[in-house]
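Below are some notes for a colleague who is about to work with this model.

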Amino acid sequence: MQALREVLIWLKRELEDIDPDSAYLEAELLISYVLNKDRSFIYTVDFIEEEKIKEIKKLLDFRKKGIPINYILKKKFFYDYEFFTDTGVLIPRNETELLVDVVIDTIKSYSFEKIVDIGVGSGNLAVTLAKKVDKLTIYACDISPNALKIAKINAQKHGVIDRIKFFLGPYLYPITMRNLQFDLIISNPPYIASWEMPFLQKEVKREPWEALYGGWNGCIFYEDIFKEFKKMDKGIFIFEISPFIYNDLVKLINKTFSKIEFYVYKDLSQKNRVIKLIW
Ligand code: GLN
């Protein structure tokens with residue numbers, strides 16, 4: 001037995017080497033995870049068993065090796081819901097909540113009923129939209145079978161599995177090959193450029209590169225999907241970008257489409273983050 005307060009302070013100090021800003025929070029989260037209780041619970045007990053301390057040390061080792069905290073805790077909060085997260089899917093990011101807002105506004109103003117989510121990942125977008133918009137059907141695609149498995153777990157967890165159809169495959173192919181009709185396409189695609197990859201945090205490098213890497217200029221996904229769009233008479237595409245690729249992407253859009261409506265949305269740090277294209 002050891003005093004829990006002491007373990008908390010020790011763990012916080014250890015975690016400070018990784019990230020001083022989140023060290024205290026992470027220490028609380030790891031201890032409450034090992035005790036299988038809420039964060040507030042740790043302030044209601046005085047002592048912690050040696051067995052549990054051993055487990056905490058193991059998790060600390062994982063953190064020191066760069067395993068993201070959300071892969072250890074196996075969860076991440078996104079928008080209004082908690083998502084199961086594990087190796088093999090991108091950990092949902094807070095910035096992506098903006099995409100959800102823009103999509104919900106668009107769906108409501110056009111009364112859309114069927115949408116396609118390319119690169120469903122953990123299912124954070126598909127599940128949140130299914131929860132927030134009644135009667136919406138989502139065709140969720142991903143090139144990773146593992147991601148589809150995790151997205152299904154999240155759809156089940158939040159009771160929307162009957163409104164999300166899952167497909168394995170790239171881009172829009174799983175949908176167009178089945179001749180399925182839809183009103184809107186959304187995506188948070190891979191958009192990290194080659195030059196950025198070496199500078200990614202150790203933790204981010206643990207996330208699936210297929211979910212991150214966007215080719216030499218970060219725009220390869222967009223380039224490929226725009227070719228598909230050119231074959232369609234009309235459509236709406238709402239997607240996330242990185243502020244780093246914004247200028248290249250605008251050039252690509254102007255080069256590809258002769259006539260297009262184009263809207264940009266800024267995130268909370270005033271960075272260009274979401275684009276809506278209507279053609
Ligand atoms: N749709 C998921 C997200 O927004 C996954 C995106 C991806 O894997 N690139 O987090």
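**Notes on the predicted model**

1. Ligand shell. The residues around the ligand are Leu90, Pro92, Thr96, Gly119, Val120, Gly121, Asn124, Leu125, Asn188, Pro189, Pro190 and Ala211. By class, this shell holds seven nonpolar and five polar residues, and no charged ones. The coordinates come from a predicted model, and that applies to every point that follows.

2. The UniProt record, an unreviewed entry, places the feature "domain: Methyltransferase small" at residues 101-193. In the model, 39% of this stretch is helix and 22% is strand.

3. Sheet. Seven strands form an open sheet in the order β7-β6-β5-β8-β9-β11-β10, and the pairing is mixed. At the edges are β7 (164-168) and β10 (261-266), each of which pairs on one side only. From one strand to the next, the twist averages 20 degrees.

4. Strands β5 (residues 114-118) and β6 (residues 137-142) run parallel and are joined by five bridges. Ile118 has Cys141 in β6 as its bridge partner.

5. Backbone at Tyr171. Most residues other than glycine have a negative phi. Tyr171 has a positive value, near 45 degrees, and is not a glycine. Tyr171 sits in the loop between β7 and α8 (173-176). Is Tyr171 buried or exposed? Tyr171 counts as buried, because it has 20 C-beta neighbours inside 10 Å and the cut-off for buried is 20 or more.

6. Backbone at Gln270. Gln270, also not a glycine, has a positive phi of about 60 degrees. Gln270 is found in the loop between β10 and β11 (272-278). Gln270 has 8 C-beta neighbours inside 10 Å and therefore counts as exposed; the limit for that class is 12 or fewer.

7. Whole chain. The protein chain contains 10 helices and 11 strands. Of the 279 residues, 33% count as buried.

Terms used: Residues numbered from 1 in each chain as written. Predicted model: local features only at pLDDT ≥ 70, side-chain atom pairs only at ≥ 80, totals over all residues. Near = placed C-beta within 6 Å. Nonpolar A, V, L, I, M, F, W, Y, C, P; charged D, E, K, R; others polar. UniProt positions renumbered as here; feature names shortened; annotations may be inferred. Helix = DSSP H or I, 4+ residues; strand = E, 2+ residues; numbered from the N terminus. Pairing = 2+ DSSP bridges. Axes fitted to C-alpha atoms, helices over the stretch in contact; angles between N-to-C directions.
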